Amino acid sequence: MRLDTDLFRIFFALGVAALLQEMFPVIPLVPAKPGFLTAVALYYALTRPWPVALTALTWAGALTDLQDGLPLFCTIGFLLVAYGAVRLMQRLFLTATVAHGAVLVAGMAAAQTLWTRLCVGVGGWSLLWQTLAAAGYAAHAGLVAGGLGFGFCGLLDRVSGSERPVKEDNGIGWTETDQ
Amino acid sequence: MKQTKLWVGLLAVTLAALVFWRTGAHDFVREALYPYQKACVWFERAVWLRARAMFSRSRLAARNAMLERDVARLRMVADDVEALEAETRRLRALLDFVPPVPCRWLAAPILSRGGTSAVWQQVRLGKGSLHGVRKGAPVVVPDGVVGRVMDVSLHTSDVMLITDPNSRVACELETPGEGVGVVRGILYGGGSVPAAGPELTLLYVVEPLRLRYLARDFEPSPHTRVVTSGLGQTFPKGLTVGFLLDSWIEPNALSREAAVMPAVDFAALDEVFVLSPGGTHAP
């Protein structure tokens, strides 16, 4: 049985995303980590069939949970819920472009911050404003992560030959990723 | 179909590893990233800082002169300290006091801050169990207490900072006053703002830490140094934690609470020292 080349693409993309997210410094101006792992997971949720997408989501969530000592399936659970939402939005308007990715990851990063804090019990009514502030900052960081993450994964697909041209129009080769 | 089976199989293996081999998976992920994190830290120190220095020579000359003066002053202080240590040993022997347990200082570089999700106030160090780091070991810098090791793998360790809301440090005031005795309390990490109404605050702006359960009737003066009390066997006695800003009676009227600004600038940390019992300094 030949190995799917998506395996190596996803390994590489998640590895780079995990390293970047771990090493990215937290600055007082934006005290949140860019969600590169979430961005990569959501890109593959949009562009791959369900077995590949779910595996990428699980690995991305596992990397986040294991690195930070979060409760088991905290981030994985969130990404699975996000997968359902993303597939629903894809039927309506969502595509795997950089712009859509940036906005999508921004929203998901804010929701993930609230979800994670709920899972670990950091928060409570006395810290409500701080929690909402954290979600706001995470959205800003998610804009950056979504744009960079979707751009990087798209580039990786093009460079590795995962995209194939489907039509030529006005001298431009239009492509789509393997579905 | 075969590819679908492959991916479903990989998913099942991942879930099984997470459920049945969580600790191993946790260490595996940390160790897998460690070489790349070390390479990034090496690049920053060996290449980036030197490149930056090339464009700031004038500032370097002034800083060099200041550091030379500091070294000369510290040499004199070190000579005095050696004499004081010898006298202390002699006096302890005469009075039959039990000497404090000597600590080993292990220097460790900081690989990353905040983890992957920035939920915990923590830093990751580039030293682990192979270098003698143990869970629960105190972490300090010359300025004061940084935190405590909460997780260790072969080459890395995670340190919970004293600014984390889950952090607790047994402290006392350095020189409370004549006839007062020792004033002790528990230092709580930042997070909850003890104000009448909620305020929108930046998470990583260091909020004053809270020193709780102080004696109600003694009002400490601002800028009093707060040090570790040595109780609980976690931190050695006498390490600087911070400086007192203000104090007030707690709502329960049974004790006093104080705001403490940490002595350490956590944003500027590059290297820390992990304390372990026995021996002297280690590279």
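Reply: A salt bridge is counted when a side-chain nitrogen of Lys or Arg lies within 4 Å of a carboxyl oxygen of Asp or Glu. In this predicted model, Glu22(A), Arg30(B), Arg124(B), Asp151(B) and Asp158(B) are linked in a network of such bridges. The account below begins with this network and then turns to its surroundings.

Which salt bridge joins chain B to chain A? Arg124(B) is paired with Glu22(A), and their closest N and O atoms are 3.5 Å apart. The distance falls within the 4 Å cut-off, and the pair therefore counts as a salt bridge. The count between the two chains is one salt bridge, while the count over all chains is 18.

Is Arg30(B) buried or exposed? Arg30(B) counts as buried because its relative accessibility is 0%, and the limit for a buried residue is under 20%. Asp151(B), in contrast, has a relative accessible area of 22% and is partly exposed.

Helix α2 of chain B also holds His26(B). Which residues does His26(B) contact, leaving aside its neighbours within four places in sequence? They are Leu66(A), Gln67(A) and Asp151(B). The side chain of His26(B) reaches the backbone oxygen of Leu66(A) at 2.4 Å. With a relative accessibility of 12%, His26(B) counts as buried.

These residues may now be placed in the whole interface. The size of an interface is often given as the accessible area lost when the parts come together. Chain B and chain A bury about 4,300 Å² between them, and 70% of this area is on carbon and sulfur atoms. In terms of residues, 45 of chain B are in contact with 49 of chain A. Seven residue pairs are in polar contact between chain B and chain A, counting pairs with both residues at pLDDT 80 or more. On the side of chain B that touches chain A, the elements that give two or more residues are α1 (2-20), α2 (22-54), β1 (103-113) and β2 (122-125) of chain B. Of these, α1(B) gives the most, with 12 residues. By type, the residues on this side of chain B divide into 23 nonpolar, 14 polar and eight charged.

The two chains may also be described one by one. Chain A has six helices and two strands, arranged along the sequence as α-α-α-α-α-α-β-β. Chain B has three helices and 13 strands. Of the 179 residues of chain A, 54% count as buried, and buried residues make up 39% of the 283 residues in chain B.

In chain A, Arg9(A) is bridged to Asp6(A), with closest N and O atoms 2.9 Å apart. Both residues lie in helix α1 (residues 5-23) of chain A, three residues apart, which is about one turn of the helix. Arg9(A) and Asp6(A) are both buried. In chain B, Arg184(B) forms a salt bridge with Glu172(B), the closest N and O atoms being 3.0 Å apart. Arg184(B) is in strand β7 (residues 184-188) of chain B and Glu172(B) in strand β6 (residues 168-173) of chain B, so the bridge ties together parts that are 12 residues apart in sequence. Glu172(B) counts as buried at 9% relative accessibility, whereas Arg184(B) is partly exposed at 36%.

Finally, how many disulfides does the structure hold? The count over all chains is zero. The sulfur of Cys74(A) is 3.5 Å from the closest cysteine sulfur, that of Cys119(A), and this is too far for a bond because the cut-off is 2.5 Å. Cys74(A) is buried, with a relative accessible area of 2%, and Cys119(A) is partly exposed, with a relative accessible area of 37%.

Note on methods: Residues are numbered from 1 along each chain as its sequence is written. Chains are lettered from A and ligands numbered from 1 in the order in which they are written. Side-chain values use heavy atoms; hydrogens and water are left out. Contact means heavy atoms within 4.5 Å. Buried area is the accessible area (1.4 Å probe) that two parts lose on being put together, summed over both. A polar contact is a pair of N or O atoms within 3.5 Å; within protein, one must be able to donate a hydrogen and the other to accept it, and residues adjacent in sequence count only if both atoms are side-chain atoms. Helices (H or I, at least four residues) and strands (E, at least two) are DSSP runs, numbered from the N terminus. Ala, Val, Leu, Ile, Met, Phe, Trp, Tyr, Cys and Pro count as nonpolar, Asp, Glu, Lys and Arg as charged, and the others, Gly among them, as polar. Buried means under 20% relative accessible area, exposed over 50%, partly exposed in between (1.4 Å probe, protein chains only).
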